Amino acid sequence: MACSVYECLALIGARITENRDYLTDLDREIGDADHGANMARGFAAVVEKVPRDNPDIGAALKKTGMTLLSTVGGASGPLYGTAYMEAAKVLAGREALTAEDFAAALTAAVAGIQKRGHATRGEKTMLDALIPALEAYTARIAGGGSLSDGLDSACAAAREGVAYTKTIAATKGRASYLGERSIGHQDPGATSAAITLEAIRDYTKG
Ligand SMILES: Nc1ncnc2c1ncn2[C@@H]1O[C@H](COP(=O)(O)OP(=O)(O)OP(=O)(O)O)[C@@H](O)[C@H]1O
Ligand SMILES: [Mg+2]
């Protein structure tokens, strides 16, 4: 599809900022009450640093990753930073996205998070939204679905993953200090991941 990567990033930033207090409240329950503030700070810097008029999706995502790495801090800064930088490598020089391009970029992003954080699904992290989202996306487009169809399936799976995080104990990150006491609480990083995918979906639907 033809797109403005800047506009899409700006929409992600707007959604994260709208949900800043919600994300921070989730992180207050099982972490240190900074996830919303961390991510909102990061995306405020992203919209300042990513050039509005450069159509190169890879270049914009690389700048996004570097900016998140340097401004977000905590666990999520390096993880989201890596995700955007890995997606950037796949999309270098691209000015439009096919359904397959997005699959390749999301695959690289998820692999980057897993490599950096040494986590997998079932550990109450952002991966509990992202791995099912990736699987749902690739299954939908393998069945002939468009980018937009794939994103619908990805978002539904991400929200199921967010709900699933309430039922399990954290074994990675700050929430793991709570062990079994983290059960019953929703993971903030999985929630911000679902919000991110929903912003991308909504952007593609214009
Ligand atoms: N190893 C990991 N792999 C994937 N996601 C992780 C990992 N560790 C933490 N996370 C995600 O990061 C989120 C927390 O992000 P946040 O911005 O609050 O950083 P933080 O945990 O406060 O960092 P720190 O404890 O280093 O200050 C969690 O909700 C979880 O989804
Ligand atoms: Mg935190």
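Student: Where does H118 lie, and does it count as buried or exposed?
Tutor: This is a predicted model, and in it H118 sits in the loop between α6 and α7, the latter covering residues 127-142. The phi of H118 is near 50°, a positive value in a residue other than glycine. Since a residue with 12 or fewer other C-beta atoms within 10 Å is called exposed, and H118 has 8 C-beta neighbours inside 10 Å, H118 counts as exposed.

Student: Is K124 buried or exposed?
Tutor: The place of K124 is also in the loop between α6 and α7, and K124 has a positive phi of about 65° although it is not a glycine. The cut-off for a buried residue is 20 or more other C-beta atoms within 10 Å. K124 has 29 C-beta neighbours inside 10 Å, and therefore K124 counts as buried.

Student: How many Å apart in space are K124 and P188?
Tutor: Leaving aside neighbours within four places in sequence, K124 is in contact with T165, I168, A169, A170, A175, S182 and D187. P188 can be compared with K124 through their C-alpha atoms: the two residues are 64 residues apart in sequence, and their distance in space is 9.3 Å.

Student: Which element gives the most residues to the shell around ligand 1?
Tutor: There are 23 residues around ligand 1, and those that come nearest are G74, G117, T125, G173 and G189. The elements that give two or more residues to this shell are α3 (35-49), α5 (76-90), α6 (99-117) and α9. By class, the shell has eight nonpolar, nine polar and six charged residues. With three residues, the element that gives the most is α9.

Student: At what angle do α1 and α9 pack, and what is that arrangement called?
Tutor: Two packed helices are described by the angle between their axes and the distance between the axes. For helix α1 (residues 5-18) and helix α9 (residues 188-205), the axes are 9 Å apart and the angle is about 135°. That angle makes α1 oblique to α9.

Student: Which residues of α9 does α1 meet, and what is the handedness of the crossing?
Tutor: From α1 come E7, C8, L11, I12, R15 and I16, and these meet S192, I195, T196, E198, A199, I200, D202 and Y203 in α9. By class, this contact of α1 with α9 has eight nonpolar, two polar and four charged residues. The crossing of α1 and α9 is right-handed.

Student: How is α8 arranged relative to α9?
Tutor: The axes of α8 and α9 are 9 Å apart, and the two helices pack at an angle of about 160°. Angles over 145 degrees count as roughly antiparallel, which makes α8, relative to α9, roughly antiparallel.

Student: What is the handedness of the crossing of α8 and α9, and how do the residues of their contact divide by class?
Tutor: The crossing of α8 and α9 is left-handed. Among the residues that make the contact are L147, L151, D152 and C155 of α8, and A190, A194, L197 and R201 of α9. By class, the residues of the contact of α8 with α9 divide into eleven nonpolar, five polar and five charged.

Student: Is L147 buried or exposed?
Tutor: L147 is found in helix α8, which covers residues 147-165. L147 and K89 are 58 residues apart in sequence and, from C-alpha to C-alpha, 20 Å apart in space. Because there are 22 other C-beta atoms within 10 Å, L147 is buried.

Student: Which residues does R201 touch?
Tutor: R201 lies in helix α9, and with 19 other C-beta atoms within 10 Å it is partly exposed. R201 and C155 are 46 residues apart in sequence, yet 7.8 Å apart in space from C-alpha to C-alpha. Not counting residues up to four places away in sequence, R201 touches L151, D152 and C155.

Student: What word describes how α7 and α9 lie to each other?
Tutor: The contact is made by D128, A129, L130 and A133 of α7 and A190, A193, A194 and L197 of α9, and by class it has seven nonpolar, no polar and one charged residues. The axes of α7 and α9 come within 7 Å and cross at roughly 40°. The two helices are therefore, to each other, oblique.

How values were computed:
Residues are numbered from 1 along each chain as its sequence is written. Chains are lettered from A and ligands numbered from 1 in the order in which they are written. This is a predicted model: local features need pLDDT of at least 70, side-chain atom pairs count only at pLDDT 80 or more; totals for chains, interfaces and linings use all residues. Axes are lines fitted to C-alpha atoms, for helices over the stretch in contact, and angles run from 0 to 180 degrees between N-to-C directions. Helices (H or I, at least four residues) and strands (E, at least two) are DSSP runs, numbered from the N terminus. Angles under 35 degrees count as roughly parallel, over 145 as roughly antiparallel, 65 to 115 as roughly perpendicular and the rest as oblique. A crossing is left-handed if the near helix is turned anticlockwise from the far one by less than a right angle, and right-handed if clockwise. Two residues are in contact if their C-beta atoms, placed from the backbone, lie within 7 Å. Ala, Val, Leu, Ile, Met, Phe, Trp, Tyr, Cys and Pro count as nonpolar, Asp, Glu, Lys and Arg as charged, and the others, Gly among them, as polar. A residue is near a molecule or strand if its C-beta atom, placed from the backbone, lies within 6 Å of it.
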